[in-house]
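Q: Can you walk me through this one? I have a few questions about how the pieces sit together.
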Amino acid sequence: GVRRYSMVSTSVRIWRQNRIMANIREVARRAGVGVGTVSRALNGSGYVAEETKERIQAIARELDYNPNELARNLFRNRTGIVGVVVPDMENPFFSKLLKYMEIELYKNSYKALICNTIEISSREQDFIDMLKANVVDGIITGAHSLRDDAYHNLNKPVVAMDRNLGSDIPVIHSDHKAGGRMAAELLLEAGCRNVLQFGGSFRVHTPSNDRHMEFCRVMEENGAAVNTIELAWNMMGYDYYRNVMNQYMDIYRNIDGVFTTDIVALYCMDMAKQRNIPVPEKLHIVGYDAIDVTRLFAPNLTSIAQNIPLLAKTCVDTMMDLLDVFRFCHLNRGY
């Protein structure tokens with residue numbers, strides 16, 4: 001039955017871990033070093049003097065000590081899995097971000113466990129609980145379904161993407177202030193004087209809000225009027241975007257410019273076409289992110305590009321640095 005299988009599985013795991021520890025202790029005893037030094041020498045996880053490393057490797061070969069990946073993970077208290085949390089995988093920006101994060105994690109011998117929070121759910125909290133239980137080694141999060149304090153005092157590897165979670169958690173983001181300034185300059189150059197911008201929830205602590213503040217500042221300093229619409233918290237569905245754009249295109253009939261993310265901008269182009277408003281002759285639209293799908297539309301959407309592959313790589317590189325720090329602390333606690 002299930003109970004018997006569970007006990008056998010646990011016994012095998014304990015036997016395997018004991019066998020690993022017995023072998024690594026024998027290598028350490030013969031080399032005259034600690035177990036942690038052997039681990040660093042064989043796994044390349046920290047500095048070991050070259051002469052000592054060569055001696056350890058020779059003894060390991062003599063003892064036929066070559067733990068497989070599962071065994072190494074058991075010894076190092078490592079799962080080889082990093083959780084990645086985003087608001088909505090259907091959104092093209094996050095789809096591309098996930099693609100490159102998975103690639104970068106795989107290059108570093110890690111697997112990605114991915115989820116999207118999809119409006120209101122417990123998924124983000126579930127991943128935090130998994131991190132506490134050592135089911136995953138770390139979390140890269142770009143979601144906003146929980147309060148910031150859910151991540152406080154975790155003392156675990158967490159990297160935030162476009163979200164300020166506190167001084168102890170690194171945050172990776174584009175230069176959104178420069179992006180907002182670029183968008184404003186483009187619309188001002190086109191002669192826009194009455195513009196509409198759509199932003200995410202300003203209740204969430206995110207560097208991406210800098211683009212909206214900078215956009216508004218530059219436009220108003222040059223005498224243009226800016227109407228800012230705050231989108232609903234953690235809502236990214238296509239139907240929601242379509243309904244919002246349909247609503248506000250009717251309310252703001254005299255606008256000559258729009259600044260928003262690419263998907264909302266594409267709905268804006270569609271609504272303008274339905275209302276016989278020529279783009280860009282009467283309405284200038286600037287998107288944000290420059291996702292690949294925008295190339296399929298005519299006229300082409302002008303958009304401020306984020307370097308998504310670089311964002312993904314920087315998130316993963318930062319996670320690898322954190323994992324190295326936590327692994328070093330783990331080894332120095334007597335392993």
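Q: Which hand does the crossing of α7 and α8 have?
A: α7 passes α8 in a right-handed crossing, where right-handed means the near helix is turned clockwise from the far one by less than a right angle, and left-handed means anticlockwise. This is a predicted model, in which local features need pLDDT of at least 70, side-chain atom pairs count only at pLDDT 80 or more, and totals for chains, interfaces and linings use all residues. Residues are numbered from 1 along each chain as its sequence is written, and side-chain values use heavy atoms, with hydrogens and water left out.

Q: Which residues of α7 and α8 make the contact?
A: From α7, H176, K177, G180, R181, A183, A184, L187 and L188; from α8, D210, R211, E214, F215, V218 and M219. Contact here means heavy atoms within 4.5 Å.

Q: And by class?
A: The contact of α7 with α8 has 7 nonpolar, 2 polar and 5 charged residues. Ala, Val, Leu, Ile, Met, Phe, Trp, Tyr, Cys and Pro count as nonpolar, Asp, Glu, Lys and Arg as charged, and the others, Gly among them, as polar.

Q: At what angle do the axes of α7 and α8 cross?
A: Roughly 35°, and the axes come within 7 Å. α7 covers residues 176-189 and α8 residues 209-221. Helices are DSSP runs of H or I with at least four residues, strands are E runs of at least two, and both are numbered from the N terminus. The axes are lines fitted to C-alpha atoms, for helices over the stretch in contact, with angles from 0 to 180 degrees between N-to-C directions.

Q: Switching to strands. How many bridges join β6 to β7?
A: There are 6, between β6 (residues 194-199) and β7 (residues 225-230), and the two strands run parallel. Strands pair if DSSP finds at least two bridges between them. The chain goes from β6 through α8 to β7 in a right-handed β-α-β crossover.

Q: What stands opposite Q197 in β7?
A: T228.

Q: Now the prolines. Which residue is joined to P280 by a cis peptide bond?
A: V279, with omega about 10°. P280 is in the loop between α10 (262-274) and β9 (284-289). The bond from A298 to P299 is also cis, with omega near -5°.

Q: One more: is N153 buried or exposed?
A: Exposed, at a relative accessible area of 81%; the cut-offs are under 20% for buried, over 50% for exposed and partly exposed in between, using a 1.4 Å probe and protein chains only. N153 is not a glycine, yet has a positive phi of about 65°.

Methods
A crossover is right-handed if, with the strands pointing away from the viewer, the path from the first strand over the helix to the second runs clockwise.
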